[in-house]
Structure formats: C-alpha cells, structure tokens
Amino acid sequence: MLATLRVSSRRVATRSLHTSPVAPRAAFRKFSTIPPPPPKASSNTAIYIGLGLAAVGGAGYFFLNSGTDASREAGTAIKSAGQSIKAATPFVPSKEDYQKVYNRVAEILDADDYDDGSYGPLLVRLAWHCSGTYDKDSNTGGSNNATMRFAPESLHAANNGLVLARGIMETLHDEFPWISYGDLWTLAGVAAIQEMAGPKIPWRPGRIDGLEKNATPDGRLPDATQGQDHLRAIFYRMGFDDQEIVALAGAHALGRCHTDRSGFDGPWTFSPTTVTNAFYTLLLNEKWTWRKWSGPKQYEDKGSKSLMMLPSDMALVQDKKFAVWVKKYAADEELWFKDFSSAFARLLELGVPTSQFITAEPWEMKTIDEQSS
Ligand code: HEM
C-alpha cells in the first residue's frame, strides 16, 4: 500500500498545476501514531490572509467574515492605523483546483491489500468523525478547525484507526498544501461516497485550520454499545432529527468493524465498498442473534454468520419512530440517496460559519466517470 501511494503521489505531484506557496515535500511521510503537526500558516489560504490582516491591527478575521471576492484580491492594500500595508499574494484556489483534489482522492481509493479493497469507507468515517463533534448549544466542534489533528482528540477511542486515514490525507496535503485539513477531509468523504456509486453530496470549501484549543472533549461521538436514547442525545446535540439519524446510519452499508480499533468485528453488508441501501434491507430481513464470542456484544446474521450489527444499529429497528424510516429506506433506495445526501452534506458543514464559505451555493463535484465521458 505504501508503495502504491508513493508511486501515485510522485506521478501526480509532477503534473499538478497549482502554484503553491509551499514546495511539496519530496519524502513520503509514513503513517504514525503521532498526529500530524499543525499546518504552517502559509498552507492555508484563509489563515494566511487572516494572519496578514492581524498584523495590521487585529482585523485578522476580516477576510473570513467579509467573504467577498474583492476582499480576496491578491495583493490588496489594507489601510489600518494610518498605515498602508501590502498583504502577501496568496494562492486563491478555484473550483477546478478543488476538483483536482477530489480526483486525487478518487485515484488513491483502490487498495487491493487493504480491507475490502478500498480506503473509501475509512475516509467516510474520517469525514463524519471530524464533523460529528458539533454541539449546537455551544457552537463548538465540527469540521471547521480539523481538531482531530490534535491530541487528545486524535487519541479518543471513537477515533481509533483514523490515524491511518489522516496519514493518507497528509500525503494529499503535501501535494495540495493550500487546502485546509477540514476541507480536505470532508472533500475526501464526498469523493469516497460519490466514487463508491453513492449520491452526489453538495460540498463547498471554506473551513479553516484551527488551533489546539479548539479541540473537543471526549464523548461527543456515539457509543455503539448503547441504544436509542443515546443516539438521540448525540445526534439531537448536532441538530439532527429522527429521520436524519436513520438516514445517516445507512452509511454502515460501507466498510467494517475492526477488533483492533473499536473491538467489534466484521462488515454490515456483502458489498462494503458500494453505497447501497443494503444496511436497511439486511437490518429488516435478516434474523439477527447475539454473536457468541469473547469480544463486545454484537449481533450476527443467522444465515451466513459473516455479517454484523452493532447494538446501536439494532436500536434503529427496536425504536418505533426510527423503524418507520428504516422501512422507508429499505423499500426505496432513491429516497435514501436523496435524504442521505442532504443529511451528510449538512453534517459536513456543521459549525462552519456561513461567511467562511467561498461560495453561497454548494458545488457538485464531478465523478471520475463524468469527467471521462
Ligand atoms: C449512529 C451512530 C454510530 C455509531 C455508534 C457508529 C459506530 C461505528 C463503529 C463502532 C465502527 C467500527 C470502527 C472500526 O472498528 O473500524 C464504525 C465504522 C464506520 N462508520 Fe459508524 N457509527 C455511527 C454512525 C455513523 C455515521 C453517521 C456514519 C457516516 C455518515 C458512519 C460511517 C461509518 C463507516 C463508513 C464505517 C466503516 C469504517 C471502515 O470500514 O474503516 N457511522 N462506526
């Protein structure tokens, strides 16, 4: 896998057209248990400009709050405290630049020697875990600051295994140093869903790289050993309702549990690298019994004994209000695609001030297939 990444990373680095303020590092950074260091100020357009502005009199977030194209004009002269200072010329990425990042994510998804052959599910989990820390009451958490780069958030048990995803993302950040980590991680989740035959996920850039002090406390992500009350407490805190909880949970059509990460074991569906509504159909139609093993309590399907459900997944059919939506999504994949798309898009924007987005309307990123046809 390392070899694959190393080769493809070099290949595209040489044909990358962006003009970056930081030369891509030549050496491949191996995955490590140490979270990546905080990004250099010059690696993030928004912070880059913000720091320049701060230097001229504490107006650091003028750029982020104004959100106008004019304020992003390269080399804008800024008058403050009677002084005229020329801001450094930043690289201003276009939609095409973000599409290039999307395309690179799409290129590195396939990995024959990893799990079921794709990093897609892992990257969807990274996008969700960096966003799902949002708390609407305190307006903290979410993808805006990419705080999972910092310990202890990177080490929270719920994030076990995501060091691998962050390492993969780091190689892409080396190629595109201008993108913020929050934008990169969420865009990777969008690319993963779309390239695994899922619905289009509207997405737009504008997240900034925050500081360690923005890191969220443990316990904001759901605990798979628990039931409906816990799910409601966690997802209502983010601002979601029952229907959206069920719609989001359908992402468990993808990927698998790992004993060395969550302690649980196995995939939910027979097609863990394709976005389908199989999570709901299996949840309803299979007979699920407790697995007899020494690991944490989980269900297995009676038929093949090769699939699993978490106690929190089973809560979706045990709770009458949730079950209504499980049935709807099992019967109508198109409906689920539509509802998943809007809930996932909303999840990825939680906690990001609207003024930070560089476009009022989210974009539809093109799939690789669409670009080649
Ligand atoms: C409803 C509450 C949820 C709970 C309790 C939960 C729990 C878990 C657990 C325990 C794992 C296994 C991690 C591992 O061992 O590698 C997992 C994996 C995963 N989760 Fe969730 N999850 C929830 C919601 C979501 C949501 C909302 C999404 C996305 C929208 C999501 C996407 C995924 C994906 C794609 C994987 C597979 C990752 C891989 O294959 O590496 N989950 N989840």
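Biologist: Hi! Which protein atom is the donor of the iron atom of the ligand?
Modeller: Hello! This is a predicted model, and in it the only protein donor of that iron is NE2 of His252, at 2.1 Å.

Biologist: Nice. Where does histidine 252 lie?
Modeller: Histidine 252 is in a loop, with α9 (242-249) on one side and β3 (256-257) on the other.

Biologist: Let's talk pockets. How much space lies in the largest pocket?
Modeller: The largest pocket holds about 1000 Å³ of space.

Biologist: And which residues lie nearest its centre?
Modeller: Those are Arg125, Trp128, His129, His252 and Leu310, out of 43 residues that line the largest pocket. His252 is also the iron's only protein donor.

Biologist: Which element gives the most to that lining?
Modeller: That's α5, with six residues. The elements that give two or more residues are α5, α8 (228-238), α9, β3, α11 (311-318) and α13 (333-349).

Biologist: Changing topic: how many residues has the largest nonpolar core?
Modeller: The largest nonpolar core has 89 residues. Leu123, Met169, Trp185, Phe235, Phe279, Leu316 and Phe344 are the ones with the most contacts inside this core. Helix α7 (residues 181-195) gives the most to the core, with nine residues.

Biologist: Where does this core lie, relative to domain 1 and domain 3?
Modeller: It lies between them, because domain 1 (2-9 + 93-219 + 346-372) and domain 3 (228-339) both give residues to it.

Biologist: I'm curious about tryptophan 185. What does tryptophan 185 touch?
Modeller: Leaving out residues up to four places away in sequence, tryptophan 185 touches Leu126, Ala127, Cys130, Ala146, Met148, Arg149, Arg166 and Met169. Trp185 and Met169 are both among the residues with the most contacts inside the core.

Biologist: On to the backbone. Which residues does a cis peptide bond join?
Modeller: Alanine 151 and proline 152, with omega at about 5°. Proline 152 is in the loop between α5 (120-131) and α6 (162-175).

Biologist: What about asparagine 139, what is its phi?
Modeller: Phi of asparagine 139 is near 50°, a positive value in a residue other than glycine. Asparagine 139 is in the loop between α5 and α6.

Biologist: Last one: is aspartate 115 buried or partly exposed?
Modeller: Aspartate 115 counts as partly exposed, because its relative accessibility is 37%, and the buried class stops under 20%. Aspartate 115 has a positive phi too, near 40°, and its place is in the loop between α4 (95-108) and α5.

Definitions and conventions: Residues are numbered from 1 along each chain as its sequence is written. This is a predicted model: local features need pLDDT of at least 70, side-chain atom pairs count only at pLDDT 80 or more; totals for chains, interfaces and linings use all residues. Side-chain values use heavy atoms; hydrogens and water are left out. Donors are N, O and S atoms within 2.8 Å of the metal (3.2 Å for Na, K and Ca); water is not among the atoms, so sites may look incomplete. Helices (H or I, at least four residues) and strands (E, at least two) are DSSP runs, numbered from the N terminus. A nonpolar core is a set of buried Ala, Val, Leu, Ile, Met, Phe, Trp, Tyr and Cys residues joined through side-chain atoms within 4.5 Å. Buried means under 20% relative accessible area, exposed over 50%, partly exposed in between (1.4 Å probe, protein chains only). Domain bounds come from an automatic or database domain assignment. Contact means heavy atoms within 4.5 Å. On a 1 Å grid over the protein atoms alone, a cavity is a set of points where a 1.4 Å probe fits but cannot get out, and a pocket is an open set with protein on both sides within 12 Å along at least five of seven lines; lining residues have an atom within 4 Å of a point. Grid points are joined across faces, edges and corners, and a volume is the space filled by probe spheres set on the points.
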